[in-house]
Amino acid sequence: MVDTIAATSLLGHQPIYCSWHLGDVTNKGNRIRMYPRRLWINRKHCSDRHIVPMIKAQAMELTREAYSYREKDRMPREFRYGSETSVEGRPPQWPPANKADNPALRNPLLRQKRMGCGWLGVIFEWEGVLVDDIPDLEKQAWLALSQEEGKSAPPGFILRRIEGMKNEQAISEVLCWSRDHSELKRMAYRKEEIYQSLQGGVYRSLSGSKEFVNVLMHHKVPMALVSTRPRKSIENAIGAIGIEGVFAVIVAAEDVHRGKPDPEMYIYAAQLLKFIPERCIVFGNSNQTVEAAHDARMKCVTVASKHPVYELAAADLVVRRLDELSVVDLKNLADIEPDEPELEMEIER
């Protein structure tokens, strides 16, 4: 093995150890050997006992050199799992690294807390994320309300604009039907009654949503639920699909002044969870959710239940089903350390 390595360079260069029998030179009968420095060594002055260790040392050095070239073809240790990988890049590591863990921490209790899930919070929207969303019912409710109030039917682009807004906000700011507070309350309440009658109290959970919620419960991840529906409707729906007691916080229409794309709901939910916004992850199904979550300095995961995936590219992560995610994905998505505010330099006078 050593002679083979010594006879031929691993890097494709000229021979390192060769021997010839030359018959037309002055020192006939002597074997001449060539080394990397082109030294001509006479057998009378240097025996195989001295030459073989030199050859073995050179072979080992070449072997290390060859393996150093192979190391470049391996996956780098600093390889980051995510969308930063280029087309020419290598396949991602699996499972992805847990960025929450920091081996440099000297406090074992702090490191154990980082390894857990109690340092991040999850904020769910209701319709289109946990239960099936039927946009036609919302449209029919607004059209029925406009007929009752003697208003012109809102066009389609107006209905798309008021998606996710509170009823009072949509009536006063977009539809411009009234500015009176009591009238706003009355029409908003009536619109919700029409919607609930059309909906019939039947709720169907999306595929994978219960399984994902159970995983978060198992890992003790704090969860909040936000919606522009009345609290009573939300509580009845939660009981209908059998996930009572899951959410530590429920933010309903009575708790906020404005709906999406205003980030008020998410900021209030984070305050009730006692988390800073950077450690909260919002789950929604529309670009209004992405806009509101990013305005609140939160990460956003969208579920492609109503819109195609390419329309939700502004989100931090897009999935078709919630059970495609893991707890490690949430840890890698949430900021471990928020950016510290820059200190202003004091000018000496």
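Helices and strands are taken here as DSSP runs, a helix having at least four residues and a strand at least two, and they are numbered from the N terminus. The structure described is a predicted model. Under this assignment the chain has twelve helices and nine strands. Of its 349 residues, 38% are buried. Among contacts with a separation of 6 or more, 59% are between residues 24 or more positions apart.

Several backbone features lie in loops. The loop between β6 (249–251) and α10 (264–273) contains Pro261. This proline is joined to Lys260 by a cis peptide bond, with omega at about 5°. Two residues other than glycine have a positive phi. Cys176, in the loop between α6 and α7, has a phi near 55°. Lys274 has a phi near 65° and is found in the loop between α10 and β7 (280–284). Lys274 counts as exposed, because its relative accessibility is 75% and the exposed class begins over 50%.

Helix α7 (residues 181–199) packs against helix α6 (residues 167–174), with the two axes 8 Å apart and at an angle of about 120°. The crossing of α6 past α7 is right-handed. On the α6 side, the contact is made by Asn167, Glu168, Ile171 and Ser172, and on the α7 side by Leu184, Lys185, Met187, Ala188, Lys191 and Glu192. By class, the residues of this contact comprise four nonpolar, two polar and four charged.

Asn167 is one of the residues of α6. With a relative accessibility of 9%, Asn167 counts as buried, because the limit for that class is under 20%. Apart from neighbours within four places in sequence, Asn167 is in contact with Ala188, Lys191 and Glu192, and also with Trp142. Ala188, Lys191 and Glu192 are listed among the α7 residues in the contact with α6. Trp142 is listed among the α4 residues in the contact with α7.

Helix α4 (residues 135–149) also meets α7. Their axes come within 9 Å and cross at roughly 130°. That angle makes α4 oblique to α7. The crossing of α4 and α7 is right-handed. From α4, the contact involves Leu137, Glu138, Gln140, Ala141, Trp142, Ala144, Leu145, Glu148 and Glu149. From α7, the residues taking part are Arg186, Met187, Arg190, Lys191, Ile194, Tyr195, Leu198 and Gln199. The residues of the α4 and α7 contact divide into nine nonpolar, two polar and six charged. Met187 and Lys191 of α7 are named in the contact with α4 and also in the contact with α6.

Val303 belongs to strand β8 (residues 299–303). Its relative accessibility is 2%, so Val303 counts as buried. The C-alpha atoms of Val303 and Arg320 are separated by 5.4 Å, although these residues are 17 residues apart along the chain. Arg320 is also one of the residues in contact with Val303 when neighbours within four places in sequence are left aside.

Cys117 lies in the loop between α3 (108–115) and β4 (121–125). This cysteine counts as buried, because its relative accessibility is 6%. Cys117 and Val221 are 104 residues apart along the chain, and their C-alpha atoms are separated by 5.6 Å. Not counting residues up to four places away in sequence, Cys117 touches Val221 together with His219, Lys220, Pro222, Val327 and Lys331.

Two further cysteines are buried. Cys280 has a relative accessible area of 0%, and the value for Cys300 is also 0%. A disulfide is a covalent bond between the sulfur atoms of two cysteines. A search of the whole structure finds zero disulfides.

Key. Residues are numbered from 1 along each chain as its sequence is written. This is a predicted model: local features need pLDDT of at least 70, side-chain atom pairs count only at pLDDT 80 or more; totals for chains, interfaces and linings use all residues. Side-chain values use heavy atoms; hydrogens and water are left out. Axes are lines fitted to C-alpha atoms, for helices over the stretch in contact, and angles run from 0 to 180 degrees between N-to-C directions. A crossing is left-handed if the near helix is turned anticlockwise from the far one by less than a right angle, and right-handed if clockwise. Contact means heavy atoms within 4.5 Å. Ala, Val, Leu, Ile, Met, Phe, Trp, Tyr, Cys and Pro count as nonpolar, Asp, Glu, Lys and Arg as charged, and the others, Gly among them, as polar. A disulfide is a pair of cysteine sulfur atoms within 2.5 Å. Buried means under 20% relative accessible area, exposed over 50%, partly exposed in between (1.4 Å probe, protein chains only). Angles under 35 degrees count as roughly parallel, over 145 as roughly antiparallel, 65 to 115 as roughly perpendicular and the rest as oblique.
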